[in-house]
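Open the model in your viewer and keep the selection panel at hand.

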Amino acid sequence: MLRERRGTGARAVGRVLLGAAVVLAVGAVVLVRFWGPREPEPSPDTAAQSVPPAELREAAGQRVFIGHMSIGWNMLDGLDRLYAARDVAEARVVEVTLDDPVPEVPAGQGAVIHAEIGVNGDPMGKLANFDTAMRAGLADEVDVAMVKLCYTDVTAATDVDRLFAAYQQTLDELQRDHPDVRFLHATVPLTAAPSGIKQHLKVLVRGDDNDARERFNDLVREAYADDDLFDIAAVESTAADGTRLATLAPGWADADRQHLNPAGSTVLAARFLDVLTQGAPA
């Protein structure tokens, strides 16, 4: 009788241990599957067909300076694809550093002058660099100028009101002192929604970075006219089917969920050309 009870108890313990092992195994599979972000599915790359050749040629005749970082490279890649798809000659693209002499661009010839500006995570430094570059002579060589802050420059920890005040003062004073230059105003790029347990935990602990970016972007939208507004965040957050999200639409996102894939790059570049041509002097 005692041996039977011991056998029954051992079998019960064995079942408990087996059940625990199964739960742990399933939990491990779930954790591995959902801990990290999943790669987004790209949307079709159809933007090239939406840009008429006349708009491409008009934009190519302008002299433009762009101070940027990573998303700026995505947009420049998109511009290359748009012009190649329509077999239209693109403006000369000139990459410079802010220590280089100011490149001379003859009047009547288009050019896209661009530079990596400042350090990611230091938006005040980027504004100061842009201001210095324009006042050092770039404003005399271009028709259009823009500084683009990065998604890393605005996070949940950013003092959005202080940053916007600095942005507005810098750009408004540049416009006052260089009235012949058209200064475009770019909203801050967004990142894709959290995917996976790890990213959701980060949002819970650190706050929603995209919320802070959109608070900054709303201040930009309220302060500047639509003709001079390059609303990067609006382009990024509008999915291919027209649905508006609060984040970078997955179909435009690269695997890191921060940069743009080829389709997203051409969509953004197409919008940049729209802004260049819609507000250009007649």
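The expected span of a helix is 1.5 Å times one less than its number of residues. With that in mind, select residues 70-86 of this predicted model. They form helix H3, whose 17 residues reach 25 Å from the first C-alpha to the last, close to the 24 Å expected.

Before going further, show the whole chain. The protein has 9 helices and 7 strands, and 46% of its 282 residues count as buried. Its accessible surface is about 14,300 Å², with 55% of that belonging to carbon and sulfur atoms. Among contacts with a separation of 6 or more, 76% are between residues 24 or more positions apart.

**Around H3**

Return to H3 and colour its buried residues: Ser70, Ile71, Gly72, Asn74, Met75, Leu76, Gly78, Leu79, Leu82 and Tyr83. An α-helix has 3.6 residues a turn, so residues three or four places apart point the same way. What covers the buried residues of H3? Select helix H2 (53-60) and strand E1 (63-68), then strand E3 (111-116) and strand E7 (229-230), and finally helix H8 (232-237) and helix H9 (262-278); the cover includes these elements.

**Two positive phi angles**

Step just past H3 to Asp87. This residue is not a glycine, yet its phi is positive, about 55°. Asp87 sits in the loop between H3 and strand E2 (92-95). At 73% relative accessibility it is exposed, because the threshold is over 50%.

Now select Arg257, in the loop between H8 and H9. Here too the residue is other than glycine and phi is positive, near 65°. Is Arg257 buried or exposed? Its relative accessibility is 9%, so Arg257 counts as buried, the limit being under 20%.

**Thr46**

Next, go to the loop between helix H1 (2-35) and H2 and pick Thr46. Thr46 has a relative accessible area of 55% and is exposed.

Note on methods
Residues are numbered from 1 along each chain as its sequence is written. This is a predicted model: local features need pLDDT of at least 70, side-chain atom pairs count only at pLDDT 80 or more; totals for chains, interfaces and linings use all residues. Side-chain values use heavy atoms; hydrogens and water are left out. Helices (H or I, at least four residues) and strands (E, at least two) are DSSP runs, numbered from the N terminus. Buried means under 20% relative accessible area, exposed over 50%, partly exposed in between (1.4 Å probe, protein chains only). Contact means heavy atoms within 4.5 Å. Accessible areas come from the Shrake-Rupley method with a 1.4 Å probe; for residues, only the protein chains shown count as cover.
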